[in-house]
Amino acid sequence: MSSACGCNLCPRSADVAQLVEQRFRKPQVTGSNPVVGSIQKMSASANSVSIIVPTLNEQENIAPLVSQIIASAVPFQEILFVDDHSTDATADMIRALAARYPIRLIEQNCADLGLAGAIVSGARSAHGEILLVMDADLSHPPERIQDLLAPLFAGTADMVVGSRYVEGGSTPGWPLWRRIVSRAGAALAYPLTGVHDSMGGFFAIARSRLLELAPQTSGFKIVFEAIVRGGGTLRVREIPIAFRERLHGKSKMSFRIALRFFLRWLHIAFRHLIRGPDRSAETAKAFGVSSVKINPESLGVD
């Protein structure tokens, strides 16, 4: 099968096919493999994991991402790519892999705009009981997937977040202005969430819990939305990650979008200081967690 880029799935995709074939045709649990052996205790639950990956013009990143997920040796049921009207060969790359392997493509309709909307669409369609959400741009480390899932399987957390801002986390390659804006957003969110990095998009949660806490989400930061809606009932654990800069494709973020996002946070923080802590439902409404639609380009700030 050929993709829109005019190649036969390119060399990287051939590598993906080989890795995926090894992953799904050969037994993974062996006594001599220390990595797989550590997963053995949770294998029954891990097989019900759906990995959700929102996409928008990420054709160069699809094959490497799948390769890295397979190489992580974490059992999963499916990878759901939720595409937001990509204009490149992203969908073709996904379909080519989905023809043989447990990968599905979900194309958003006009009612499901933005990154958070894509995640909720994926959650509704997922077959797994546990959701692992990550970006398509290779910024989130697949080798940390196991660490995000383990507390859920152990019953010690309801949501596990890959955090840039706890000890051991980092943002290598980021320009200074982006570090400042991202840190400021996370700091403003902290009094309401108790989480150091509720602005990220690399997290794990039970499917039923996410759908309960983020129904018809507006497109604001979904980790933040879920925590605020949880009203203190959601046990959240942060796992340090190195959030890498993308190598391929164009970032969805610009300084203008980041500044607009930052000004919005200043407004919300000021209102919160004046009014004091709100009840969870009122706080969620104040933060735009209802079904109000937002321009998708405003969702790209990390």
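Some ground rules come first. Residues are numbered from 1 along each chain as its sequence is written. Because the model is predicted, local features need pLDDT of at least 70 and side-chain atom pairs count only at pLDDT 80 or more, while totals for chains, interfaces and linings use all residues; side-chain values use heavy atoms, leaving out hydrogens and water.

**The whole chain**

The protein chain has 12 helices and seven strands. Those are DSSP runs numbered from the N terminus, with at least four residues for helices (H or I) and at least two for strands (E). Of its 302 residues, 52% are buried, meaning under 20% relative accessible area; exposed is over 50% and partly exposed lies in between (1.4 Å probe, protein chains only). The accessible surface comes to about 13500 Å², and carbon and sulfur atoms own 55% of that; such areas come from the Shrake-Rupley method with a 1.4 Å probe. Now look at contacts (heavy atoms within 4.5 Å). Among those with a separation of 6 or more, 79% join residues 24 or more positions apart.

**Two helix pairs**

Two packed helices are described by the angle between their axes and the distance between the axes. Here the axes are lines fitted to C-alpha atoms over the stretch in contact, and angles run from 0 to 180 degrees between N-to-C directions.

| Helix pair | Angle | Axis distance |
|---|---|---|
| H8 (176-193) and H10 (222-230) | about 20° | 10 Å |
| H4 and H5 | roughly 30° | within 7 Å |

H4 is therefore roughly parallel to H5, a label for angles under 35 degrees. H8 and H10 are roughly parallel to each other too. The handedness is worth a look: H8 and H10 make a left-handed crossing, while H4 and H5 make a right-handed one. Left-handed means the near helix is turned anticlockwise from the far one by less than a right angle, and right-handed means clockwise.

Which residues actually touch? In the second pair, Gln59, Ile62, Ala63 and Val66 of H4 meet Thr90, Met93, Ile94 and Leu97 of H5. This contact has six nonpolar, two polar and no charged residues. (Nonpolar covers Ala, Val, Leu, Ile, Met, Phe, Trp, Tyr, Cys and Pro; charged covers Asp, Glu, Lys and Arg; the others, Gly among them, are polar.)

H10 is largely enclosed by the rest of the structure, because eight of its nine residues are buried. Among them are Phe224, Glu225 and Gly230. Just after H10, Gly231 takes a positive phi of about 60°.

Ser86 sits in the loop between strand E2 (78-83) and helix H5 (90-98). Is Ser86 buried or exposed? It is buried, at a relative accessible area of 18%. Beyond neighbours within four places in sequence, Ser86 is in contact with Thr55, Leu56 and Asn57.

His85 is partly exposed at 43%, and its phi is positive, about 60°, although it is not a glycine. Across in the loop between strand E1 (49-55) and helix H4 (59-71) you'll find Asn57. Asn57 has a positive phi too, near 55°, and counts as partly exposed at 28% relative accessibility.

Conventions:
Angles under 35 degrees count as roughly parallel, over 145 as roughly antiparallel, 65 to 115 as roughly perpendicular and the rest as oblique.
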